[in-house]
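Hi everyone, thanks for making the time. I have one model to walk you through, so please have a look at it on the screen and then follow along with me.

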Amino acid sequence: MADNPYRPAEAGRPSGTVGWCVHYFEELESTQRTAAELAACGALNGEVVIAERQTAGRGRMGRRWHSPPGVNFYGTFILRPEMPVAETALLSLVAGVAVAETMELVAPRIVALKWPNDIWLGGRKAGGMIAEAVTDSRHRLVCVLLGIGLNLNLAPEDIPAELRDRATSVMAATGRPCDRVELAGELFSRLESRYMETLSGGFAAVRPVWERYSALTGRQVTVIDGLSRIGGTVRGIGPDGALLLEAEGRVVRVLAGDVSIEGAYD
Ligand code: BTN
């Protein structure tokens, strides 16, 4: 393992809280995979795996996550909440709120959340969250692997050409680089506090903040789920994290996980 530049970000955090122990690697296939291995060996709540570069970073719906070295944040938090497996997807929305609050510090007034798991700066994607539940043979929750990828100091010219009209970074959106270790420390603190709020008060406790950052509320979108498509106006998110879409005079709940949205970049 390489020297760990993230020591200042973990310093002073009580054991078992988010970010108290950082496992740092120069290169990994995916922080999700290494975190799963550490979790299987008994890693505690709040331990986080951070890589400088990923060779097979994973996004939602089987997509690749562009993970060049030395400029971004790629981390997976091992969380051990007591909650039904079905509710664990909500943790990526909870993480979205913590990420939005953290990004606000380096990119004020241009931060937004696009349901379900994207963080936007100035209308372009600068990061994403993924929550993977690990269960035992009886389908009981063992842990959640909460992966967060943030484009931080990626130069505009280094954004792959095919993503350039949809993707950005803190550096590209603001013209200023940010201190990645300091930002990680801020993220750990905000994630710990939003996570604890959720464990004690449920998603209701953080939902209004998510709504304040929502990029899509009030906008006309098309939701694509497999072969079906519905167009409608986004009315927010429900208590279970579902997207609320008003279509043909009624409000439809769209569940997280298997849909993508067109019209968001119009
Ligand atoms: C998305 O599709 O928007 C979610 C992207 C999540 C990417 C992060 S980077 C750190 C962690 N390791 C991975 O392989 N994926 C997540």
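Let's begin with the lining of the largest cavity: α3 and β4 each supply at least two of its residues. Helices and strands here are DSSP runs, with helices being H or I of at least four residues and strands E of at least two, numbered from the N terminus. The largest share of that lining, 3 residues, comes from α3. By cavity I mean, on a 1 Å grid over the protein atoms alone, a set of points where a 1.4 Å probe fits but cannot get out, with lining residues having an atom within 4 Å of a point. Grid points are joined across faces, edges and corners, and the volume is the space filled by probe spheres set on the points.

Before I go on, a word on where this comes from: it is a predicted model, where local features need pLDDT of at least 70 and side-chain atom pairs count only at pLDDT 80 or more, while totals for chains, interfaces and linings use all residues. Residues are numbered from 1 along each chain as its sequence is written, and side-chain values use heavy atoms, with hydrogens and water left out.

Back to the cavity. How many cavities of 30 Å³ or more does the structure hold? It holds 1, and the volume of the largest cavity is about 30 Å³. Its lining includes Ser92, Leu93, Gly96, Pro116, Asn117 and Trp210.

Is Ser92 buried or exposed? Ser92 counts as buried because its relative accessibility is 4%; the cut-offs are under 20% relative accessible area for buried, over 50% for exposed, and partly exposed in between, with a 1.4 Å probe and protein chains only. Leaving aside residues up to four places away in sequence, Ser92 touches Asn117, Met129, Ile130, Ala131 and Leu146, where contact means heavy atoms within 4.5 Å. With Asn117 there is also a side-chain to side-chain polar contact of 2.8 Å. That term covers a pair of N or O atoms within 3.5 Å; within protein, one must be able to donate a hydrogen and the other to accept it, and residues adjacent in sequence count only if both atoms are side-chain atoms.

Another lining residue, Pro116, is found in the loop between β4 and β5 (118-121). Which kind of peptide bond joins Trp115 and Pro116? A cis one, with omega about 0°.

Now zoom out to the sheet. There is an open sheet of 7 strands in the order β1-β2-β3-β7-β6-β5-β4, and the pairing is mixed. Two strands pair if DSSP finds at least two bridges between them. At the edges are β1 (22-28) and β4 (111-114), each pairing on one side only. On average, neighbouring strands are turned by 20° against each other, direction ignored. β1 and β2 (residues 48-54) run parallel and are joined by 6 bridges; Phe25, for instance, has Ala51 in β2 as its bridge partner. Helix α5 (residues 180-201) packs on this sheet, touching β1, β2, β3 and β7, and its direction makes about 30° with that of β3. Helix α2 (residues 31-40) lies across β1, β2, β3 (73-79), β6 (124-135) and β7 (141-150), at about 25° to β3. Those angles are between N-to-C directions, from 0 to 180 degrees, with axes as lines fitted to C-alpha atoms, for helices over the stretch in contact.

Next, Asn72, in the loop between β2 and β3. Asn72 is buried, at a relative accessible area of 1%. Its side chain makes a polar contact with the side chain of Tyr74 at 3.0 Å and reaches the backbone nitrogen of Leu152 at 2.9 Å.

Met61, in the loop between β2 and β3, has phi near 55°. His139, between β6 and β7, has phi near 65°, and at 65% relative accessibility His139 counts as exposed.

Last stop: β8 (residues 220-225) and β9 (residues 228-237) run antiparallel, joined by 6 bridges. They form a hairpin with 2 residues between them, and Gly226 in the turn has a positive phi of about 60°.

Technical notes. On a 1 Å grid over the protein atoms alone, a cavity is a set of points where a 1.4 Å probe fits but cannot get out, and a pocket is an open set with protein on both sides within 12 Å along at least five of seven lines; lining residues have an atom within 4 Å of a point.
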